[in-house]
Amino acid sequence: MLFAFDDFLFDDKRYELKKAGATVKVETSVLKLLAFFLKHPGVLISKQELIDQVWEGRALADNVLSVTVAKLRKALGHAKGMSEYIDNVYGRGYRFTRRVICDLPATERKLPSVSPLTSISKELLLVGRDSVVKRLEVGLNDALIGRGGIYILAGEPGIGKTRICEVFSNKATASGALVAWGRCHDMEGAPPFWLWYRVLKELQKVGCEEEIREILVRRISELALFFQEPSLSAEWVVESITIGHRAADETIEVISKMSASQPLVLVLEDLQWADSASLTLLDYLASETARLSLLVIATLRSTEILEKSGRYESLRHALGHRNCERIEIDRLSEADVADYVTALFGRDDAVLSRAVYEKSEGIPFYMAELLRPWLGLERPRPAQLELSGLALDMVRQRLGKLNTETRFVLSAAAVIGRDFDLGMLSHVTQREVQNLLDILDEPLANETVVPSSQDSAAFTFSHELIREVLYENLAATERRRCHLRAGEGLEKRRNSGNEIESTELARHFLSALPDGELLKAIDYSRRAAAEATGFRAYADARAWLLRALGVFRLTVNPDPHAYCRVLLELSFSERALGDNQYFGHLRQAAAVARQHGFGKLLAVAGRLMNPTPGIVALDEACNVLEAAEASLLKEDNKTRAIVLAHLAWTPPYCLNGQKVNELITKAERLARESKNAEALTIVLRGKLFFTGSPSAGETAYAIADEIKRLLTSLPEAFRIWHTSGIQVFYYIHAMQRGDSKAVQQVFDEYRESVDKLNNVELSWHQQRMRVIQAINRGDFTDASAELKELELKAKTQHFYVWPLVCALDQNFLQRQTSQIQPIAEPFLSRVRRLLEVSDADSLSIRSRKIESMVDFGLRDEAQSALKDISAELLVGLPVDLNYLGSLARLSVASCEMQALGHAEALYDLLKPYAQYFAADISFHCEGSISFFLGLLAQTLGRTAEAIAHYEEAIERNLRFELKAQVARTRYVLAKVLAGRAVRDDTNRARLLLDQAVIVARDLGMQSLYHAAERLNIKVRGA
């Protein structure tokens, strides 16, 4: 087969590559790789797949693939930013980016176009839109050579957006492009990915049937998981993120493959109705279009609907992308209307044209409606034109001419939706199908409705404005009755095995209220929210659950269990969105559950308040978990074990080693008695966290191994969540041991696992781990910019507790670079409030708050907070995964505050860990424990011990390649030596300061650099 791209021609049978007619000499292995790329243009191919297909799975040296790709790039003249052929997506694989034309059989060379639905006035000319069509033609020409883009046609209703798309799609088809249309759900409550589901269905008819069918089957099977009630757990969050991200990736993959074989034009109608999952996918696709033969044209009304629904943020990102251009469609000019009148009646008529312009106000839809009754007749006199009045009066006048029976049937059809079929219309109107066919004769004749091009028993309204008028003009009582019948009809179809989305059922049963069953409306709203959550459409999920919450106000005796469940699910969606109302709804759910003794729901609420060991818990977490434990049935060992494990890592229990041991021991016994792998895994995760000492390696690793065995029998959600947790544990243990090789090995394994999982949130944490790893090593060059980029992504994606994580990372960078920024007085009171210590704070959080108080000069607050951490509390702490990092931070604060009692206690607690490093689940490494022992010994007046500890810290930090900590320790040790006024000490202090100055300057640690310089001058002067 022959392949052509740019000025290259490649014969895959003869393995011959020519450029502009001249043969390019390249190794056979390189040409085999090229052949595989050319057969899969635009497709992201993993490294393993390339090895399996090109090298037939043979064992290769690590660099064979990368070297071969480099040779191929060189042969093709690959130039970054100018002539790029192969794109390397870090950690995921390679993609051939150029448009490829292959010598296919004649039957496959041109695929038929997917035609849009018939619309009104197709015989009429398009006027006044030449400039818009030309801009789209420029985009099409770019797409034909592999530089696609997205165009948004925006304007008011009736402005002619769809008509422009129809005219342009004909031009695109004539140019050899494949055109497919997808229309957003015409009313509220579109199912997740509905728009792209329709696009795939259209594409399925013309190409890649097997691939697309497989994707659709996967989508439906995965979606089925979320027809159930969500488990409202941290694991379920991960599962929903994974499935949503995978669905987006697979959709983009199919679109990429199809555009590689033939230029592709996608027309997306009514973007204002799109579900948030579809908008997010459009945002993803925007980044890919520049390297595809793909043109996307979308129509958009006013953004008011989006702003009200909470989906505007998703659309804003897509509209703001560099590959997306927004075209505002203006009203027609008087000259445009005159051209239309002339084309319609065959000659100029200035008076009639002026009248049409004034009455239509330049809106094409109204212009066409004014003249529609006169098609094929003599020109009307201006006085014969019916006044359009405001907004939709013209449509109302047209519909007003229909008899009462016809208007009712059409209004009932409008309740069903823009698309409707005879079977459902018969059920809603209680009329026979044959009767309905007779009634629809007139609306079909004047194109109020048009037949579906795909189903002889189905119809569609020719314009959304017509459906809206019919729907709004239906009396409220009759409208509710029609919604109820539509819901009942869809429910029957679903029970018979038809694929009916929960969003459709929820919309109808909610709109029927107060008619119908309240609990049924609530149930379908919850299912619709679960489906939306399953595809990360959290804004849509929140909207459904808020409507479900409102249903309870229709009765004075709401079902408390259903009410509590809706509150919990609502708080779950709000947490995913970063909406602070999450706290209030979660607390309200806990209060209802406690009032009625709903033990299982209390357990869910408590788990959401503190989902995993070592992170921030809500203040009420302990009380809610205690209430759950007291309310559970005695025989419910599974839930009780989970609750006890959560209690163990929740303050104040997590501050008492003896209590932690009792809770974990009891939880483990109950979990094993329940024989439930899920419960035992959660308990063992807690046990692993509290076996956090690096000296307890064998015990901890045995627990980790058991967790891994349990995970093989658990759903993907648990495998993702807990496997990543184990790898984080390995990583922290390796840091605490100062094992550079193990740290890198675990990091690589974690990255590989995350890449396979295709999980956007875990990928973010992996990227963050890489940046923090660089900061730990003293590589600060791009750290600030990278942290800001990570923060923006976390904010956009609404990752869990992202504000706290990002703030801690920025603060850590400032401390590492010795650049703590003073806080201006207007903000100091706010910082003081944020740093207030709570009873719900773990030791890790308390230590960070106290450290920050010292950093920002809040010495009184730091002194008070330190007093609350008694020596008895310190001695009784469990040695968890955050233990060394927490004690190290408390050591710094105690030394700064001259808290000698704390310094003495901390010295005794840390001394057994002198050979380890201060690291915790934040991934931050503060350096050798010996450094903190030196600070404590110096504060206690034990200078000789302090010097020995500092010397040991320098050696250990050097070995672990912690450059910033080495420089800082040298400076601190130099200060101690210089203060002793001993000649040998003074000489050594000079050497240490010289070394500290060089490193601080090279790393950009300005404050340390200047401090070391000043001390060096002073020492040398002495």
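Residues are numbered from 1 along each chain as its sequence is written, and side-chain values rest on heavy atoms, with hydrogens and water left out. Because the model is predicted, local features need pLDDT of at least 70 and side-chain atom pairs count only at pLDDT 80 or more, whereas totals for chains, interfaces and linings use all residues.

Helices (H or I, at least four residues) and strands (E, at least two) are DSSP runs numbered from the N terminus. Helix 5, residues 161–174, has 14 residues. From first C-alpha to last, helix 5 reaches 20 Å, close to the 20 Å expected at 1.5 Å a residue; the expected span is 1.5 Å times one less than the number of residues. Buried residues (under 20% relative accessible area, against over 50% for exposed and in between for partly exposed; 1.4 Å probe, protein chains only) in helix 5 include Ile164, Val167, Phe168 and Ala172. Lys161 and Glu166 of helix 5 are also buried. The cover over the buried residues of this helix includes helix 4 (130–144) and strands 8 (149–154), 9 (178–183), 10 (264–269) and 11 (294–300). Gly176, with a positive phi near 95°, follows helix 5.

Five strands form an open sheet in the order 4-3-2-1-7, with antiparallel pairing; two strands pair if DSSP finds at least two bridges between them. Strand 4 (22–23) and strand 7 (101–102) stand at the edges with a single partner strand each, so one side of each lacks a neighbour in the sheet. Strand 3 (residues 16–19) is joined to strand 4 by two bridges, and Lys19 has Ala22 of strand 4 as its bridge partner.

A nonpolar core is a set of buried Ala, Val, Leu, Ile, Met, Phe, Trp, Tyr and Cys residues joined through side-chain atoms within 4.5 Å. The largest has 262 residues, and those with the most contacts inside it are Trp196, Leu266, Leu271 and Leu887. Helix 33 (residues 716–737) gives the most to this core, with ten residues. Another core, of 28 residues, lies apart from it, and Leu33, Leu34, Leu65 and Tyr94 are among its members.

Contact means heavy atoms within 4.5 Å. Glu851, in helix 39 (residues 843–855), is buried, with a relative accessible area of 7%. Not counting residues up to four places away in sequence, Glu851 touches Arg815 and Arg889. Asn957 lies in helix 45 (residues 943–959) and is buried, with a relative accessible area of 1%. Leaving aside neighbours within four places in sequence, the contacts of Asn957 include Phe917, Leu962 and Thr969.
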